[in-house]
Amino acid sequence: MRNNKCVRLLAYITGLVNQRLLLQCEYLIAENRVLRSHVTGRLPLSDAERSTLAEIAKRLGRRHLAEVACVAKPDTILAWYRRLIARKFDGSKHRAYPGRPRVDAAIEALVVRMARENSSWGYDRIAGALANLGHQVSDQTIGNILQRHGIAPAPKRSPNTTWKDFISAHMAVLSGTDFFTVEVLTWRGLVTYYVLFFLHLESRRVTLGGITRHPTEAWITQMARNAVDETSGGLRGFRYLLHDRDTKFCAGFDEVLAGGGIPCLRLPPRSPNLKAYASYCTSSRLCDGENRLLGPSASVALENRVSFHGFV
């Protein structure tokens with residue numbers, strides 16, 4: 001009987017407290033709405049104020065929050081809470097290292113140069129060449145570098161190499177060769193001399209290979225041996241030799257040069273533009289006497305004359 005009285009008294013007191021809290025909440029909601037109606041625009045809230053509202057809003061829930069929230073929409077307030085949690089677990093400011101260092105600009109330029117000058121080189125081949133130079137770069141890093149510069153992998157890069165790209169990439173080691181004729185006025189009449197010359201594509205430096213009236217197969221083969229001589233050859237340091245399909249460039253000429261480490265690139269027929277530097281030097285010239293052509297200073301004069309035309 002006594003327990004029942006205590007329960008009733010406790011329920012009465014609890015009801016009074018609940019009723020008072022409900023009235024207080026109702027008054028605060030009404031006051032908040034009245035005050036909000038007198039404010040124009042958005043309320044400038046600090047980060048601390050947003051954090052306080054977000055923590056309470058999360059416990060209240062979306063449905064009940066929609067009944068009382070006036071400073072912002074429920075979705076906005078709950079978004080503040082999600083950013084608060086994300087900031088709590090963000091450890092980027094406490095990292096002891098900034099991440100993987102970027103590849104040096106000089107090495108990146110070297111990778112791009114290797115890929116453009118050697119269209120058949122893949123990522124592993126470029127990485128091996130860099131290792132020989134003392135630079136340790138992974139194949140994945142090389143792939144990322146080439147992708148940033150818009151360079152395709154080796155299988156796709158090789159078929160797209162044009163003749164212009166090939167010439168540009170190998171100008172320093174390319175040489176062109178051809179004949180030009182000199183008409184010599186003798187007591188027997190006009191005699192035609194054939195002059196073999198080599199033209200360095202990058203520097204336009206001209207080297208005379210030989211002069212003859214009869215460019216036979218034996219003579220042109222001997223000129224090839226002289227050109228690849230280790231001490232005085234005019235083609236030392238070159239990797240390729242360009243020449244047209246003139247029959248004077250016989251098979252023995254190509255074989256001797258290939259044996260000396262200089263393979264010949266025979267141009268397609270009727271394609272003078274593919275060796276335009278050397279083709280301009282092949283016009284005929286007139287000389288008054290064999291001594292003027294075959295004398296001690298003749299080679300220097302001819303080289304100067306051909307060099308002038310080579311630079312045009």
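This is a predicted model: local features need pLDDT of at least 70, side-chain atom pairs count only at pLDDT 80 or more; totals for chains, interfaces and linings use all residues.

By this rule, how many aromatic pairs does the count come to, if rings of Phe, Tyr and Trp (its six-membered ring) pair when their centres lie within 6.5 Å? The count comes to 4 aromatic pairs. Planes under 30 degrees apart count as stacked, over 60 as edge-to-face and the rest as tilted.

Residues are numbered from 1 along each chain as its sequence is written, and side-chain values use heavy atoms, with hydrogens and water left out.

Helices (H or I, at least four residues) and strands (E, at least two) are DSSP runs, numbered from the N terminus. F249 lies in the loop between β4 (240–243) and α11 (251–259), so its pair with F179 in strand β1 ties together parts that are 70 residues apart in sequence.

Buried means under 20% relative accessible area, exposed over 50% and partly exposed in between (1.4 Å probe, protein chains only). F179 is buried at 7%, W219 is buried at 15%, and F249 is buried at 2%. Together with F253, these residues form one aromatic cluster.

Helix α4 (residues 74–88) has 15 residues and spans 21 Å from its first C-alpha to its last, close to the 21 Å expected at 1.5 Å a residue. The expected span is 1.5 Å times one less than the number of residues. The buried residues of α4 are P74, I77, L78, A79, W80 and L84. Their cover includes α2 (47–60) and α3 (62–68).

Helix α6 (residues 123–132) and helix α7 (residues 139–148) pack at about 110 degrees, with their axes 9 Å apart. The two are therefore roughly perpendicular (65 to 115 degrees). Y123, D124, I126, A127 and L130 in α6 meet D139, I142, G143 and L146 in α7, where contact means heavy atoms within 4.5 Å. By class, this contact has 6 nonpolar, 1 polar and 2 charged residues.

Terms used:
Axes are lines fitted to C-alpha atoms, for helices over the stretch in contact, and angles run from 0 to 180 degrees between N-to-C directions. Angles under 35 degrees count as roughly parallel, over 145 as roughly antiparallel, 65 to 115 as roughly perpendicular and the rest as oblique. Ala, Val, Leu, Ile, Met, Phe, Trp, Tyr, Cys and Pro count as nonpolar, Asp, Glu, Lys and Arg as charged, and the others, Gly among them, as polar.
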